[in-house]
Amino acid sequence: MYKVISISDDEMTRNVELENSDTGTIEECFDDSALISDINFDFLTIGKEYECKIKLFGTVVQSMQDKTVICKILSKNEMVGTKEMVKVLVENNKYYIPRKKVEKYLDNEMFFFRYTRKDLIEVDNILHSDML
C-alpha cells in the first residue's frame, strides 16, 4: 500500500509523491494517465492509501552510475494488463520493468538498471491505458 503525500500538477501531467506503507520509502511517480485516457488516476486523494504498481523507466547498464539501482528478479513473467513485465526488488521495494527491456539479462539473478523516472502504471486494479 502507498499513501499519497502530495500531487504536483503540471500543464498536462503530474507528479505524485507516495510513501510505501511497508518500507517508508518515498516515491516520486510520474502520472500522465489523464492525458492519455478517460480511465485515469485523477481519483487519488492526498492522505489516502492505495495499492499501486510502479514501473521503472530507463535502461540496463553495466555498472553503477547516477540513478542506477541493483534489481533482483522476483518474477520473470508478470502480466500487468496485457504487458509482459519483470517484477524486481530494489532494496525492499517492488517495481516493474518491461520484459523486452531486460530480456537478455533474465538468466542473471540481478542486474543494474539506470532509471530516469518512475511511472504509476496501476492503482487499485485500475490500469494505465499503456498497459491495455
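A few notes on this model, starting with a term: a residue is called buried under 20% relative accessible area, exposed over 50% and partly exposed in between (1.4 Å probe, protein chains only).

1. First, the ground rules. This is a predicted model, in which local features need pLDDT of at least 70, side-chain atom pairs count only at pLDDT 80 or more, and totals for chains, interfaces and linings use all residues. Residues are numbered from 1 along each chain as its sequence is written, and side-chain values use heavy atoms, with hydrogens and water left out.

2. Have a look at D10, which sits in the loop between strand 1 (2-9) and strand 2 (14-20); strands here are DSSP runs of E with at least two residues, numbered from the N terminus. D10 counts as partly exposed because its relative accessibility is 46%. Together with D9, E11 and D42, D10 forms a negative surface patch. Such patches take residues with over 30% relative accessible area and no salt bridge, with like charges joined within 9 Å. A salt bridge here means a side-chain nitrogen of Lys or Arg within 4 Å of a carboxyl oxygen of Asp or Glu.

3. K67, in the loop between strand 5 (52-61) and strand 6 (68-80), has a positive phi near 60 degrees although it is not glycine. At 43% relative accessibility, K67 is partly exposed. E91 lies in the loop between strand 7 (83-90) and strand 8 (93-98), and its phi is likewise positive, near 55 degrees. With 68% relative accessibility, E91 counts as exposed.

4. Which strands does strand 9 pair with in the antiparallel sense? Strand 5 is one of them, over ten bridges, and I54 has L120 of strand 9 as its bridge partner. Strand 6 is another, over five bridges, with T68 standing opposite R114. Two strands are said to pair if DSSP finds at least two bridges between them.

5. Strand 9 (residues 110-123) also runs parallel to strand 3 (residues 26-31), joined by two bridges. There, C29 stands opposite K118.

6. Finally, follow strand 9 into strand 10 (residues 126-127): the two run antiparallel and are joined by two bridges. V123 faces I126 across this pairing. The two strands form a hairpin with two residues between them, and D124 in the turn has a positive phi of about 45 degrees.

Note on methods:
Patches are made of residues with over 30% relative accessible area and no salt bridge: like charges are joined within 9 Å, nonpolar side chains (Val, Leu, Ile, Met, Phe, Trp, Tyr) within 5 Å. Accessible areas come from the Shrake-Rupley method with a 1.4 Å probe; for residues, only the protein chains shown count as cover. Lys and Arg count as positive and Asp and Glu as negative; His and the chain ends are not counted. The place of a charge is taken as NZ of Lys, CZ of Arg, CG of Asp or CD of Glu. Helices (H or I, at least four residues) and strands (E, at least two) are DSSP runs, numbered from the N terminus.
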